[in-house]
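Thank you all for coming.

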Amino acid sequence: MKKESIFTLHNRASDCRARRGEVKTGHGVVQTPVFMPVGTQGTVKAITPENLQEMSAGIILGNTYHLYIRPGHELIERFGGLHKFMNWKGAILTDSGGFQIFSLKELAKITEEGAAFRSHLDGAKLFLSPEDAVEVQQALGSDIMMCLDTCIPFPATEQETIESTNLTTRWAKRCRKAHTRREQLLFGIVQGGMFPELRKKHAEELIDIGFDGYAIGGLSVGEDKELMREMVEATTPHLPEDYPRYLMGVGTPSDLVEGVRRGVDMFDCVMPTRNARNGTLFTSTGRVVIKNARHRDDQGPLDESCSCYTCRNYSRGYLHHLFKSREILSYHLNTIHNLHYYLHLMETIRAAIERDDFAQFRQDFYSKLESE
């Protein structure tokens, strides 16, 4: 069943699958390709919503599993939804909780009905069905919701992959039926493990059900980069041109560049925020490990070509001191820089596609990289 698309395609690269478009949501139009900062528990760690607005972040990601457990979707709904609860005026995408349940597999049991699992906080017994996943996300009031899916471990046999993917299809039908607040968009998630034909088949099944967008799931679960990119390349041609495509949980800077090259529109990953707190910073010439002694006396900015608040105001030497001292300000300044780097990278990619110059952009991106 074909639905009216909320995606507008503006430009295509002439020599690869890169595309420039926009996604219309209830909290604004999101320019694509886009990176979505991850706000797991109703906050992007170490920074404020105002910081994100200053970086022109149009959309962030919230985590259904974590918000379901604490503080609870009913409470957030009483506050007027997640946007009001956290004072975020842009768009929000919530994942379904499927990946978190997968990652806590020793605490979870997957059945036809749904996922029975124990809270990672206190061990309490919990249950999430496909219908529950939609109900929770509708209560959160996110602009884009995700179907509950079963994430396939790596490695997995073809038979295991078939059974898991078929269950995801059945759950997707139930999610679609439970979706009553149509102003909130619902995306299906393409599984199929590391088997291109299964991914093609699953994409076709989800398109028949009819969703507002289509995600590529089950990647970055232990496979190498080459295989991951092969699976993206094997999947995107089977997703409709006039709907947004979202590659879930994948996100080194080169992953973004290579994902866009293969036709992906949306990305999320904890990497820029987590690495910021661990002292690994992304720059136009590669990664910088700020704790390294070589930065102790460096009076220059982290990245000469970066216009973020951190680079405009603070030296590498000061950032080195803050990190070595475990000062809270270190996490704040590092996170501002890393997210600005990611968001600016996507802005640069969008401009390159508009100029039909993506191949040159990609060449320049790799030519500047150097290891610390």
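I will talk about a pocket, then a strand that helps to line it, and then a site taken from a record.

What you see is a predicted model, in which local features need pLDDT of at least 70 and side-chain atom pairs count only at pLDDT 80 or more, while totals for chains, interfaces and linings use all residues. Residues are numbered from 1 along each chain as its sequence is written, and side-chain values use heavy atoms, with hydrogens and water left out.

Let me begin with the largest pocket, which holds about 900 Å³ of space. A pocket here is an open set of points on a 1 Å grid over the protein atoms alone, where a 1.4 Å probe fits, with protein on both sides within 12 Å along at least five of seven lines, and lining residues have an atom within 4 Å of a point. There are 45 lining residues, and those nearest the centre are Phe99, Gln100, Gly249, Asp268 and Val270. Among the elements that give two or more residues to this lining are strand 5 (38-39), strand 6 (59-63) and helix 11 (271-277), and helix 11 gives the most, with five residues. Helices (H or I, at least four residues) and strands (E, at least two) are DSSP runs, numbered from the N terminus.

Now to strand 6, where five of its five residues are buried, a word that means under 20% relative accessible area with a 1.4 Å probe, protein chains only. Ile59, Leu61 and Asn63 point one way from strand 6, whereas Ile60 and Gly62 point the other way. In a regular strand, side chains alternate between the two faces of the sheet.

Which strands pair with strand 6? Strand 5 pairs with strand 6 in the parallel sense over two bridges, and strand 7 (residues 91-95) does so in the parallel sense over five bridges; two strands pair if DSSP finds at least two bridges between them. Glycine 39 stands opposite glycine 62 in strand 6, while leucine 61 stands opposite leucine 93 in strand 7.

Finally, the unreviewed UniProt entry carries the annotation "binding site" for Cys306, Cys308, Cys311 and His337. These span 32 residues in sequence, yet no two of their C-alpha atoms are more than 8.4 Å apart, so they gather at one spot. Such annotations may be inferred rather than shown by experiment. Cysteine 306 lies in the loop between strand 17 (286-289) and helix 12 (309-313), and cysteine 306 counts as buried because its relative accessibility is 14%.

Notes: Points joined across faces, edges and corners; volume = space filled by probe spheres on them. Buried < 20%, exposed > 50% of the residue type's maximum accessible area, 1.4 Å probe, protein only.
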